[in-house]
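Thanks for coming. I will walk through one structure today, starting with a term we need and ending with a single loop residue.

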Amino acid sequence: MAKAQVEKTTQAALPVVLVVAADLAYLEKLQRARRDIYTVYTTTSGVEAIHLIKALAEVNVLVVNEELPRMKGTELLRFLNEIFKNSDAIIKILLTACPSNGTTIDLASYGRIDCCLAKPEDPAAIRRKIGFLIAQRSREKRSSMRVTLD
């Protein structure tokens, strides 16, 4: 995606979702399912995802497929945690063929992943999960900002 496109289509009112997956048809399906309530960007590689995250003012949710060309999804998430100081502010969802696999779960903990889902997951289910995680993060922010007066 060109940098001009990124700047032109960014909308402050909608949460920004970046989807990283190698399957173009699956990317299109996910994008169609979410574009009405989220600003959705898609890419097919981890390197492109890093460039997009740097180019965008904010990314609220990152949906990453474990099987990417040149790097695994968990490697991308771990790398993001190392190079971006505010990576904890991004909600991270990992799509994997076997979410209960112990190796995937161990790797997911290094990337500080918020949710691990089986792929191919129904786009509507992913949309609901994103909504839930955004609401949960918002509640956490509000409760941490509360001040008690004695």
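A residue counts as buried when its relative accessible area is under 20%, and as exposed when that value is over 50%. What you see is a predicted model. With that term in hand, take helix α4, residues 73–83. Its buried residues are Gly73, Thr74, Leu76, Leu77, Leu80 and Asn81. These six lie on the same side of α4, because they cover an arc of only 160° around its axis.

Now the overall picture. The protein has 150 residues, and 41% of them are buried. It contains six helices and five strands. Read from the N terminus, the elements run α-β-α-β-α-β-α-β-α-β-α. Among contacts with a separation of 6 or more, 62% join residues 24 or more positions apart.

In what order do the strands stand in the sheet? The order is β2-β1-β3-β4-β5, in an open sheet of five strands with parallel pairing. The edges are β2, residues 39–43, and β5, residues 115–118. Each of these two has a single partner strand, so one of its sides has no neighbour in the sheet. On average, neighbouring strands are turned by 20° against each other, direction ignored.

As a reminder, strands in a sheet pair through backbone hydrogen bonds, and the pairing is either parallel or antiparallel.

Let us stay with β3, residues 61–65. This strand pairs with β1, residues 16–20, in the parallel sense over four bridges. Within that pairing, Val17 has Val61 as its bridge partner, and Leu18 stands opposite Leu62. With β4, residues 91–96, strand β3 also pairs in the parallel sense, over five bridges. There the bridge partner of Val63 is Ile93.

Is β3 mostly covered or mostly open? It is mostly covered, with five of its five residues buried. In a regular strand, side chains alternate between the two faces of the sheet. For β3, one side carries Val61, Val63 and Asn65, the other carries Leu62 and Val64, and all of them are buried.

Back to α4, and how this helix relates to the sheet. Together, β3, α4 and β4 make a right-handed β-α-β unit. The helix packs on the sheet, where α4 touches β1, β3 and β4. The direction of α4 makes about 145° with that of β3.

Next, the nonpolar cores. The largest has 21 residues. Leu18, Val20, Leu62, Leu76 and Leu80 are the ones with the most contacts inside it. Two or more residues each come from β1, α3, β3 and α4. Which element gives the largest share? That is α3, with four residues. A second, separate core has 18 residues, including Tyr26, Tyr38, Val63 and Ile126.

Helix α3 spans residues 46–55. In this helix, Gly46, Ala49, Ile50, Leu52 and Ile53 are buried. Why do these residues share one side of α3? They cover an arc of only 165° around the axis, which places them on the same side of the helix. On the face turned away from that buried side are the exposed residues His51 and Lys54.

Two residues show how these elements meet. Leaving aside neighbours within four places in sequence, Ile53 is in contact with Leu18, Val59, Leu62, Leu80 and Phe84. Phe84 is 31 residues away along the chain, and the C-alpha atoms of Ile53 and Phe84 are separated by 9.4 Å.

Not counting residues up to four places away in sequence, Leu80 touches Ile50, Ile53, Leu62 and Ser87.

Last, the loop residue I mentioned. Arg70 is found in the loop between β3 and α4. Is Arg70 buried or exposed? Its relative accessibility is 80%, so Arg70 counts as exposed. The phi of Arg70 is near 75°, a positive value in a residue other than glycine.

That is where I will stop.

Definitions and conventions:
Residues are numbered from 1 along each chain as its sequence is written. This is a predicted model: local features need pLDDT of at least 70, side-chain atom pairs count only at pLDDT 80 or more; totals for chains, interfaces and linings use all residues. Side-chain values use heavy atoms; hydrogens and water are left out. Buried means under 20% relative accessible area, exposed over 50%, partly exposed in between (1.4 Å probe, protein chains only). Two strands pair if DSSP finds at least two bridges between them. A crossover is right-handed if, with the strands pointing away from the viewer, the path from the first strand over the helix to the second runs clockwise. A nonpolar core is a set of buried Ala, Val, Leu, Ile, Met, Phe, Trp, Tyr and Cys residues joined through side-chain atoms within 4.5 Å. Contact means heavy atoms within 4.5 Å. The arc is that of the directions from the helix axis to the C-beta atoms. Axes are lines fitted to C-alpha atoms, for helices over the stretch in contact, and angles run from 0 to 180 degrees between N-to-C directions.
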